[in-house]
Amino acid sequence: MNSAPQFHTDVVTQGWVRYFPRPVRPYLLLARLDRPVGTWLLFLPGFWGILVARPIMDGTSLRLILLFAFGALVMRSAGCVVNDLWDRKIDAQVARTAVRPLASGHMRVRHALLFLAVLLALGCAVLAQLPVLCWYLAPIALLLVAFYPAAKRVTWWPQLVMGFTFGFGAPMGYAAAAGRLDMTAFCLYAGTILWQLGFDTIYGFQDIEDDARIGVKSTSLLWRGRAKIFVAVCYALATLFFAVSAFKASLGGLFWLCGAMSTLILIYQVVTLRPNDPPHCLKLFKSNVLYGLVLATSLLLGRII
C-alpha cells in the first residue's frame, strides 16, 4: 500500500542566507543561490559538450569551462526569476513553494524585474566572450527559458520543455569548443534532454497532489501510475544517445568503463523511486549531480586514454 504524500518545503531560510542583510536575502532565495543543484545541472551539459568536442584539455578548454560555470550560475538564477514571476500565484498554492519570495510577498515584482535585468546583462557579458556561433544559438536558449514556465499551462510535458531548456548547454558547449554543430553534438543534446526529462519527472513527484488540485499539468502527473517504467525508458534512451555521441567522438576505452559506472546511479534511481515520498524524490533528483560529474570524468578519461 502506498504511503500518504508528505508535504514539505525546499526553501531553507535558516541556512547561510541568514548571515546576509535582511534586504538582500530575498534576492539570494529568488536566485536559488542557497541550492546549487540547479546550477550544476545547467552547467554539466555544457561541460560535457566541451569535453566531447576538444581532444585535449588545454588553456582554451579551461577558459570555456570557467565561462560556462559562471554563465550557468547567472542564467540559472535568471531562469528562476522568470519562473517565479510566471508562477507566483501558483506557487502560493503549493506547499513546497509557498514561501518563495514572490509567492509569499517578501519581494515586489518590479524588484524582481530589475534583478532579472542585471542577471541578463551578466549573461550577455559571458556570451560576448564565446565564439560567434554561440551568439546565434543564444536567442534560442532565451526563448526556451521564457517559454518553460508557460509549458505547464498548455501541455502535460513541461518536463520535456525543461529538458530542451536546461540541456541547451550541451550544443552550446560543443559549438564553443568545436566551432561547429554536427551529429555528435545533436546526439549529446538528445541524451541530455531525455536524462533531464527523467530526473525532472522525479522532481515533479514532490508536487503531484498540489498540481492535481490546482489544475497544473506535468509529466509526473501523467505518468504517476507507471513512474518507474517511464523514468527507466528516459534513462535508457539517454544512455544510448550518450553512447552514440561518445562513439562518434572516438572516445577511448576508459570512457566505456567509467560510463558504465555512472549508469549504475540511474539504475539506482529507477529501482528505489517512490513517487509518493517527496523527500526521497528530492534526494534522487539531487543524485543527478553525482551522475553528471561521473559522466564528465568518463568523457575526460576517454579523451586521455
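Author: Happy to! An axis here is a line fitted to C-alpha atoms, for helices over the stretch in contact, and angles run from 0 to 180 degrees between N-to-C directions. Helices are DSSP runs of H or I with at least four residues, numbered from the N terminus. The model is predicted, so local features need pLDDT of at least 70 and side-chain atom pairs count only at pLDDT 80 or more, while totals for chains, interfaces and linings use all residues. Residues are numbered from 1 along each chain as its sequence is written, and side-chain values use heavy atoms, with hydrogens and water left out.

Let us start with H9, which spans residues 183-204. The axes of H9 and H14 (residues 278-304) approach within 7 Å and cross at roughly 155°. H9 is therefore roughly antiparallel to H14 (the label for angles over 145 degrees). On the H9 side, Trp195, Phe199, Ile202 and Tyr203 make the contact (heavy atoms within 4.5 Å). Their partners in H14 are Cys281, Leu282, Leu284, Phe285, Asn288 and Tyr291. Sorted by class, this contact of H9 with H14 holds nine nonpolar residues, one polar and no charged. For that sorting, Ala, Val, Leu, Ile, Met, Phe, Trp, Tyr, Cys and Pro are nonpolar, Asp, Glu, Lys and Arg are charged, and the others, Gly among them, are polar.

H9 also meets H8, which covers residues 169-178. The axes of H8 and H9 come within 8 Å, again crossing at roughly 155°. That angle makes H8 roughly antiparallel to H9. H8 brings Ala170, Pro171 and Tyr174 to the contact, and H9 brings Thr184, Ala185, Leu188, Tyr189 and Thr192. By class, the residues where H8 meets H9 are six nonpolar, two polar and no charged.

Arginine 180 and aspartate 182 join their side chains in a salt bridge, 3.0 Å from N to O (a Lys or Arg side-chain nitrogen within 4 Å of a carboxyl oxygen of Asp or Glu). Arginine 180 has 42% relative accessibility, so it counts as partly exposed; buried means under 20% relative accessible area, exposed over 50%, and partly exposed in between, with a 1.4 Å probe and protein chains only.

In one of them, aspartate 84 pairs with arginine 100, with the closest N and O atoms 3.5 Å apart. This pair links distant parts of the chain, since aspartate 84 sits in H3 (residues 59-91) and arginine 100 lies 16 residues away in the loop between H3 and H4 (101-104). Aspartate 84 and arginine 100 are both buried. Together with Arg32, they are linked in a network of salt bridges.

Arginine 32 lies in the loop between H1 (25-30) and H2 (37-53), and its relative accessible area of 5% makes it buried. Its phi is near 60°, a positive value in a residue other than glycine. Most residues other than glycine have a negative phi. Serine 250, in the loop between H12 (227-248) and H13 (253-272), also has a positive phi of about 60°. Serine 250 counts as exposed because its relative accessibility is 61%.

Terms used:
Helices (H or I, at least four residues) and strands (E, at least two) are DSSP runs, numbered from the N terminus. Angles under 35 degrees count as roughly parallel, over 145 as roughly antiparallel, 65 to 115 as roughly perpendicular and the rest as oblique.
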